[in-house]
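Please open the model in your viewer and keep the sequence panel beside it.

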Amino acid sequence: MAKKHPGYGPVQLGREVGLAQWQIERGQRCGLVPAPEQGGRWSEAQCEQVREQVPAIVEDLGEHPGLGASRLAEQLGRQLELEVWSSDVEALVERGLVEPVGDYKGFDLYDTRLFTPEAFAHAEVLTEVVAERQRWLQSSLPPHEAAARCGWSPTEFERAARTEQVEAGRFGRWALVDVERLAGNEDLAGALAADRLLGPDQAAQYMEIRRRDLDYCLEAGWLRPYSHRELKVGRYKRVEMALYRTGDLDALKELPGVDWEAVRAVKPGMPSPLREFAKLGPRRADLVHGFTDLLNEQFGVLAWSSFWNSRDRWTIDWLPNEAGEPSREQVRELFNAEPVRAAFTKKVTLLSEATEVVHDALRFLAPGGGVVIDTETTDLFGAVVEVAVVDCASGEVLLDTLVNPGDVAITPEAQEIHGITMEMVTAEGVPSFDQVLPRLLEVTAGRTVLAYNESYDRTVIREDCRRYGLQAGRLRERSTWWCLMAARSEWEGHDRSLALGGGHRAAGDALAALALLHQLAEPPAWLRSRLVGPQAEAEQEVASCRS
């Protein structure tokens, strides 16, 4: 019995009838090429129908896919002896005078036959469009020049524009009349000056006091950082620098009961008059250790803390109990419930990357939490020839089947890896991908889908759905998936991508990935070895602060 012809894709159909792919696609939109009727592919009868339409398609669509706005602007500029920009072409589109005939990588394409000297009928309109653009360029300023004209930074200028409800015009430029109006607003300029942010050293210079005197002001509670900025110190270390609002510093200068002249007159190395107002707060190390004890007591879990000198941060880790608690949100709420602890919240990380992997793995191993999927393909990113799905909680194989790839052949290189032959996948009873997809969607419904190389498995499933004109549903979404290979790297504390080490058959690889997931559900040995006693951690933090 002769096999049914698998049909033609757009590229194959074009080759068969002598048309380019863009002609096939545009021909569909204008009704010259029929819609595919065979699972997203054209039948042999439809191919013959298109072949008869080729002269009409070429006459209607032309032989060139068209030009983008930039290249078309160059062509029109030479014809009309004007400086034409791509935005001028787009202005003609906005006025409804020309229409794109297609697109390439998101950029509109235009039929060049309509823009020859003989066919182009909008030369006068285009000349006026060019003139309008030039007038706007002469009466406006780019953002950096507009900010400089006002004596502000670009960020301050944007803030002022929002305050006064002034908006940029074409090309992100600002009307000169609006810029002059903003520059002349003295109240606005004063507000911007008060909102300028200074680092600790700059703030001390602004106050004309020593840096240590500024620290005393902070310890006395007279001044608080307005925000923080992360800075890189050396090759690896990152620290957060406090930023202070100029307006708050001005208010501090007027604080009653403080003799600022006496503070400024103190010689280097001499005690500051501000010492009597200051009181040192609790150490961060003591707060963190006390909090891990609180977690242990309140939730009955193993909790520990680590100080990362290179980041000047504490990390608090814990293993969830049988109920999956506490969550990160619960711990954050508990940490911030005490105001003294909450003051350090930006210097404490809840869950290291490795421990977060442990939390995720435990969640996926719970009933209904996740499934592991693996595919084998005809080639690298080829069509699916085998797929298997395993339940994370029970280890049950929910799906394990060969898949007929249709007219896509298995390459010798792929066959050498997984051992699947064309005879195996074209045997009687082997389903095609469109027949497998409903079951695949059923066994993965409502669960996180784990794969050792999730980007690969997600891509080949999505592409097979596209090939058959099917909807991948939630399997198309990145948020549905979890990559075991990336999680393994985080868990082991490196950024290398390691091979799974399975047998290169779908079910075997899925079970090997499940075995790896069980490993990820325990803290790695390297993380446990980094845990040190509270006293050593505290001394490490103090040494870091002194440096």
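At what angle do the axes of helix H1 and helix H3 cross? Select residues 10–17 for H1 and residues 44–61 for H3: the axes cross at roughly 55° and come within 10 Å, where axes are lines fitted to C-alpha atoms, for helices over the stretch in contact, and angles run from 0 to 180 degrees between N-to-C directions. That angle makes H1 oblique to H3, since angles under 35 degrees count as roughly parallel, over 145 as roughly antiparallel, 65 to 115 as roughly perpendicular and the rest as oblique. Leu 13, Glu 16 and Val 17 in H1 meet Cys 47, Val 50, Arg 51 and Val 54 in H3, contact meaning heavy atoms within 4.5 Å.

Before going further, note that this is a predicted model, in which local features need pLDDT of at least 70 and side-chain atom pairs count only at pLDDT 80 or more, whereas totals for chains, interfaces and linings use all residues. Residues are numbered from 1 along each chain as its sequence is written, and side-chain values use heavy atoms, with hydrogens and water left out. Helices (H or I, at least four residues) and strands (E, at least two) are DSSP runs, numbered from the N terminus.

Next, select Asp 88 and Arg 133, whose side chains meet in a salt bridge at 2.9 Å, N to O. This pair links distant parts of the chain, 45 residues apart, with Asp 88 in helix H5 (residues 86–94) and Arg 133 in helix H6 (residues 123–138). A search of the whole structure finds 29 salt bridges (a side-chain nitrogen of Lys or Arg within 4 Å of a carboxyl oxygen of Asp or Glu).

Move on to Pro 326, in the loop between strand E9 (313–318) and helix H16 (328–336); the peptide bond that reaches Pro 326 from Glu 325 is cis, with omega near 0°. Then select Leu 351, in the loop between strand E10 (348–350) and H18, where phi is near 80°, a positive value in a residue other than glycine.

From there, select helix H18 (residues 353–365) together with helix H23 (residues 484–492), which pack at an angle of about 130° with their axes 7 Å apart. Their contact is made by Glu 353, Ala 354, Val 357 and Val 358 of H18 and by Ala 487, Glu 490 and Trp 491 of H23.

Finally, colour by pLDDT, the predictor's confidence in each residue, from 0 to 100, and select residues 532–547, over which pLDDT stays under 50. Where pLDDT is low, the predicted coordinates should not be read in detail.
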